[in-house]
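Here are my notes on the model, point by point. Please read them with the coordinates open.

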Amino acid sequence: MKIKTVFRCSSCGYEASKWVGCCPGCSQWNTLEEITIEAKKSKTSSGRSVKKIARLTEIKAVNSDRIQTGINEFNRVMGGGIVRDSITIITAKPGAGKSTLLLQVAADVASRGYKVLYASGEESESQIKNRADRLFDKIGTGVWVYSDNSMDNVLAVVGQIDPDLVIVDSIQTFVLDDFPGSRAGSPTQTMECANELLKLAKDPLKPRAVFLVGQMNKSEEIAGLRALEHLVDAVLILDGDNEEELRGLSVSKNRFGSTWERGYFSMTESGLVSIDNPSEFFMTSRDENEKVSGCALTVVKDGSRPIIVEIESLVSKTFTPYPSRIGECVRREQLNTLISILEQRGKISLYDKDVVIKTTGGLKFKEQTVNLAIIMSIVSSVFDKEIPNDTAFIADVGLTGELKKVPSLEMRIRELDRRGFKRAYVAKNTIAPALDTKNIEVAELKSLQDVIKHVFK
């Protein structure tokens with residue numbers, strides 16, 4: 001084989017025949033590194049075996065087999081379980097719990113009779129064992145742990161134990177011996193290691209499920225080339241602040257399921273606990289006659305399911321020239337807009353009041369469906385009058401004070417009806433005539449003032 005020297009950019013992977021100060025590919029300075037590679041002789045087309053081709057109409061469609069876990073929220077996000085011949089990458093901020101979640105998945109899959117290899121380039125075997133002892137009362141014999149940053153050694157171990165599930169934590173810490181001039185975490189090593197794992201997952205003789213942990217950069221994206229996300233079958237994102245209990249697992253790409261599902265977990269001393277009924281988690285349990293002012297309920301649509309959420313407001317007299325506007329669940333600009341609408345269209349003065357908004361469970365809103373409920377929770381706090389526990393608000397509020405239609409309204413109302421709610425406030429002329437409900441009365445009103453008058457008489 002012929003030996004040659006090239007200069008490869010550690011930021012974008014651009015290759016040049018000679019060193020330059022500024023990379024032509026990404027315009028970064030002093031990022032080109034000298035590496036030595038072996039140039040393999042190219043095969044001619046006559047000596048290359050070509051896979052048999054087939055017409056699209058002749059190909060038989062096969063549904064990918066899935067491995068079901070006992071973690072319901074994880075199964076939901078994955079589209080119904082782990083596909084056997086798939087490669088998935090999960091990323092999160094440091095300390096969010098991605099390694100903990102995958103160790104729990106490994107233990108659960110092993111308890112169902114499968115073999116699992118957990119390969120770590122960041123932690124030793126004893127560190128992983130300490131975490132497992134903290135998470136589980138009993139550890140099955142189906143999980144193998146291997147601590148090394150050599151991908152060649154990991155592939156050799158796979159050949160020895162023949163696992164059904166391979167977990168690599170994290171992909172940016174592994175290297176291949178075929179690229180001695182590239183350091184771990186460089187675009188070349190990361191992509192080449194991922195390509196080897198892709199071949200491992202897609203092996204027609206022995207398909208395997210592969211999970212990669214991807215480090216997150218300052219822009220809250222997977223570190224490295226964007227091509228890594230294109231290579232894998234699914235991209236999972238675990239979010240949540242380290243000091244908070246709530247964790248959300250979302251999917252931004254999934255070749256075997258929808259890309260808008262989201263699962264919720266509670267971080268405890270025993271690891272991540274699946275929140276199978278989010279509505280109960282995001283509401284405060286109260287007796288039927290127990291009523292509290294400053295609370296309002298709404299229904300958000302997260303993925304394919306509706307979730308009932310409680311919004312709490314606290315309005316108090318300010319002692320500063322500029323009143324505080326604090327929204328833990330919404331952006332400050334959105335809260336200021338809603339307060340302005342309430343002052344101008346609802347005729348409720350808040351210029352000398354501090355307003356604080358939060359949700360039960362710490363959920364952060366991403367849709368405008370909650371706007372009416374936020375405003376009504378503020379009104380309830382101002383009047384110091386409670387809103388019935390069986391009442392919900394599902395509407396956006398325009399700058400004119402008019403109620404606006406929201407998507408999937410019928411599905412949200414059916415969820416309220418299923419859970420025994422008695423009344424829902426929505427925008428006028430937005431309900432389909434064929435909507436069939438058993439318990440709930442739907443009040444269709446035109447403006448914010450109509451809702452305030454109707455609720456507080």
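1. Start with the aromatic cluster. Tyr264, Phe281 and Phe282 form one such cluster. Keep in mind that this is a predicted model. Across the whole structure, a search finds 5 aromatic pairs. One of them joins sequence neighbours: the ring centres of Phe281 and Phe282 are 5.2 Å apart. Their planes meet at 85°, so the pair is edge-to-face.

2. The cut-off for buried is under 20%.

3. A further aromatic pair deserves a look. The rings of Phe383 and Phe456 have their centres 5.5 Å apart, with planes at 90°, so this pair is also edge-to-face. The pair links distant parts of the chain. Phe383 sits in helix H9 and Phe456 in helix H11, 73 residues apart. Phe383 counts as partly exposed, at 35% relative accessibility. Phe456 is buried, at 11% relative accessible area.

4. Now the largest nonpolar core. How many residues does the largest nonpolar core have? The count is 45. Phe365, Leu372, Met376, Ile378 and Phe393 have the most contacts inside this core. At least two core residues come from each of S15, S16, helix H8 (332-345), S18, helix H9 (371-383), strand S22 (423-427), strand S23 (441-445) and helix H11 (448-456). H9 gives the largest share, 7 residues.

5. Check the surroundings of Phe365. Setting aside residues up to four places away in sequence, Phe365 touches Val300, Val309, Ile311, Cys329, Val330, Thr359, Val370 and Ile374. Another core, of 33 residues, lies apart from the largest one. Its members include Ile90, Leu101, Ala106 and Val109.

6. Strand S15 (residues 295-302) and strand S16 (residues 305-317) run antiparallel, joined by 8 bridges. Cys295 has Glu312 in S16 as its bridge partner. The hairpin of S15 and S16 has 2 residues between the strands. In this hairpin, Gly303 takes a positive phi near 75°.

7. S16 also pairs with strand S18 (residues 353-359). This pairing is antiparallel too, over 7 bridges. Which residue in S18 is the bridge partner of Leu314? The partner is Val356. When inspecting these strands, recall a general point: in a regular strand, side chains alternate between the two faces of the sheet.

8. Last, a loop residue. Thr69 lies in the loop between strand S4 (66-67) and helix H1 (72-78). Thr69 counts as buried, because its relative accessibility is 5%. Its side chain reaches the backbone nitrogen of Ile71 at 3.2 Å. Leaving out neighbours within four places in sequence, Thr69 is in contact with Phe74, Asn75, Ile82, Asp108, Val109 and Arg112. One of these contacts, Val109, belongs to the core of 33 residues.

9. Thr69 and Phe282 are 213 residues apart in sequence. In space, C-alpha to C-alpha, Thr69 and Phe282 are 25 Å apart.

Methods. Residues numbered from 1 in each chain as written. Predicted model: local features only at pLDDT ≥ 70, side-chain atom pairs only at ≥ 80, totals over all residues. Heavy atoms only, no water. Helix = DSSP H or I, 4+ residues; strand = E, 2+ residues; numbered from the N terminus. Buried < 20%, exposed > 50% of the residue type's maximum accessible area, 1.4 Å probe, protein only. Contact = heavy atoms within 4.5 Å. Polar contact = N/O pair within 3.5 Å; in protein donor to acceptor, adjacent residues only side chain to side chain. Pairing = 2+ DSSP bridges. Core = buried A, V, L, I, M, F, W, Y, C linked by side-chain atoms within 4.5 Å. Phe/Tyr/Trp six-rings, centres within 6.5 Å; stacked < 30°, edge-to-face > 60°.
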